[in-house]
Amino acid sequence: MQLYYRSVNRFGKSPYLYPLYGLGELPQSFARLSAVYGGTYMLEKPVDEIVIEDGKVVGVKSDGETARCEKVICDPSYAPNRVRKCGQVVRAICILNHPIPNIKNALSSQIIIPQNQVGRRHDIYVSCVSHPHYVCPEKFFVVLVATTVETSNPHQELQPGLQLLGRIEHIFYSVADLFEPVDDGRSSNIYISKSYDASTHFESTCTDVLEMYERITGSPFDFSKVTRNLEDDS
């Protein structure tokens, strides 16, 4: 709750920030900023092997070529032998032609259904975005409902969230395994993130990134050095 109120005080009407045109803009922005600082993006290059010598990573092999490096930072899909399964997440992407009922016709929203309220061990998350975010045509809404799987019928576990939405035009379900690294990466210099969990506000992902940063650099990220203001982009 403290984070929520601090964010409201900083950002105004909503405590949440969302990139226009969808979350794909985040890696796009990173690619552009990386290029400014001398980074190189290699697109459509499959990772065949993470090359290890004397217990340390020395490169990444792709299509018979090896890009030499001192560290590898990746998600679990690139290092399946260095992660363990820690659960599953079920998600439903829903297309609506109306706002979510009973939230004052809001064009975006974030709803968290507490676990105790629905007799579960994990919360259920509902996130709604629409045309002001440039993710769908006007008069349509895209809603994501997600939670951590607890039973053998994961789709049914989303019902408390789906029942809030009213009429659903289209719905797309998915169930994905969750993975976490088996070690902190310091011995091999292979630093692996955790899988995206069910939360739709990315707080756990941000925490994971900050923890990885400290393991990689040896010191925590210093936010006092970030001087760019949101007003610079207005």
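A salt bridge here is a side-chain nitrogen of Lys or Arg within 4 Å of a carboxyl oxygen of Asp or Glu. The model you are looking at is predicted, so local features need pLDDT of at least 70, side-chain atom pairs count only at pLDDT 80 or more, and totals for chains, interfaces and linings use all residues. Residues are numbered from 1 along each chain as its sequence is written, and side-chain values use heavy atoms, with hydrogens and water left out.

**Charged pairs**

Side chains of opposite charge can pair when their charged atoms come close. This structure holds nine salt bridges, and the table gives some of them, including Arg167 with Glu169.

| Salt bridge | N to O distance |
|---|---|
| Lys45 and Asp63 | 3.9 Å |
| Arg167 and Glu169 | 2.7 Å |
| Arg186 and Asp184 | 2.8 Å |

Salt bridges that share partners join Lys45, Asp63 and Glu65 into one network.

How much of these side chains is accessible? Buried means under 20% relative accessible area, exposed over 50%, and partly exposed in between (1.4 Å probe, protein chains only). Arg186 is partly exposed at 43%, as is Asp184 at 34%. Lys45 is partly exposed too, at 29%.

**Cysteines**

A disulfide is a pair of cysteine sulfur atoms within 2.5 Å, and the count by this rule is zero. For Cys69, the nearest cysteine sulfur belongs to Cys74, 10 Å away. Cys69 is partly exposed, at 24%. Cys136 has the sulfur of Cys128 as its nearest, 8.2 Å away, and Cys136 is buried at 17%.
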